[in-house]
Amino acid sequence: MAFELEELRKQPRVADHCIMELALDETELTLRVGGLRCQTAHVLTVHARLHWSRAGAKEQANIVLPPVMLESTQAECLLAAVAKRLPLPLAGFRDMCCRFILVVNTDSGTSGIKLANHLQTLFPCISAPCRMHQGCLTMLAMFNITGCMSALFCASLLLRRQRLQATLRKKLRDHVRAKLKITYDPPSPADQAYVAALFDLLHHLLTWRLQSKGPGDATGTARLAAWGRLRDFFSGPFDGDRIYHYCPYGCHASREHAAESLVQDLTALMIDHPPVVPSANKWSKLLPPVLWFGVFTAWSSLLPALVRCLQEPYGPYGEMPVFDEDALLGLDTRKAWEHQETVRMKRRRTS
């Protein structure tokens, strides 16, 4: 530690002003407890920093504290963990200066907010989320203010309907066959760099899902293989909704062969695995669908082109039919409703 606690205890008032920054971060990890077995536990990391002024001189000290394994994520457990790890109680720091101010940096969770509200009743306290969560809250506010959350939620939910997926598979095949153009001139380095950056976003989404499900997820591994083939297939240039494929000698036997391989990989990545339904209260739940829509919208305007194909039967100025809540949830058919009821009754019997 950067200062002697014993000396601080001997002097009841060692500073005129003292500001303590207290940073808390709670996460869930898989740990081996007691060397016996692995289990999932809540772990809290704590870091404290002191700023104090004494006789016009300003000083600073960092207090690095060991992590704590929590019994639960309630505010009471967080407060007990902080009190256990600090070398002195918070009241002890307050007694060693004339004016004591506490700044609490936590995540945006309910327990962290409750803890900060409780400390505000004991000390002059300023509560603020950490920079990462401030950025997340800012992004969420942007989506809420612009009114994109409802559209993103409904679109993600609609893309999970089996009837719509079957229609999209047919429209995707027709669109690729109509828009695919084989070129024998290599794309420019700028186009290659743009495509690589675009597909790196999709790779981040795929690896994130694979890590959350485990390395034994065969579906995720197959999607990563499809992603690799798709990245090799498309390298630019961009020209509206045209799809260009640089096909050197021996790449594909024919244009139909190239179109069929592209349709298979796009079906595996895009239609068979639609975006997850977003959640408005967590940026980590909102990021995957944003990445999904961003990649397939920027990639040769593929997603807008499929939407236009779906709208063609209703005319250039027509509107697509309005789906009610049951249609969005996939309960508009008798078969889907019976399946939902069967699953519900099985859960009731097992609970």
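Histidine 245 is located in strand 8, which spans residues 243–246. The structure is a predicted model, and the values reported here were computed from it. The relative accessibility of histidine 245 is 1%. Because buried means under 20% relative accessible area, histidine 245 is classed as buried. When neighbours within four places in sequence are set aside, the contacts of histidine 245 are Leu180, Lys181, Ile182, Thr183, Phe233, Cys251, His252 and Ala258.

Aspartate 265 belongs to helix 10, which comprises residues 255–271. This residue has a relative accessible area of 8% and is therefore also counted as buried. Residues up to four places away in sequence not being counted, aspartate 265 touches Ala226, Arg229 and Leu230.

Attention now turns to helices 2 and 4. Helix 2 covers residues 75–85 and helix 4 covers residues 110–120. The two helices pack at an angle of about 65°, and their axes are 8 Å apart. Their crossing is right-handed. On the side of helix 2, the contact is formed by Ala75, Leu78 and Leu79; helix 4 contributes Ser111, Gly112, Lys114, Leu115, His118 and Leu119. Of the residues in this contact, five are nonpolar, three are polar and one is charged.

In helix 2, the buried residues include Ala75, Cys77, Leu78, Ala81 and Val82. These residues lie on the same side of helix 2 because they cover an arc of only 160° around the axis. Glu76, Ala83 and Lys84, on the other side of helix 2, are exposed.

Helix 4 may be described in similar terms. Here Ser111, Gly112, Leu115, Ala116 and Leu119 are buried. The arc that they cover around the axis is only 135°, and they are therefore placed on the same side of helix 4. Thr110 and Lys114 are exposed on the other side of helix 4.

Definitions and conventions: Residues numbered from 1 in each chain as written. Predicted model: local features only at pLDDT ≥ 70, side-chain atom pairs only at ≥ 80, totals over all residues. Heavy atoms only, no water. Axes fitted to C-alpha atoms, helices over the stretch in contact; angles between N-to-C directions. Helix = DSSP H or I, 4+ residues; strand = E, 2+ residues; numbered from the N terminus. Left-handed = near helix turned anticlockwise from the far one by under 90°. Contact = heavy atoms within 4.5 Å. Nonpolar A, V, L, I, M, F, W, Y, C, P; charged D, E, K, R; others polar. Buried < 20%, exposed > 50% of the residue type's maximum accessible area, 1.4 Å probe, protein only. Arc of directions from axis to C-beta.
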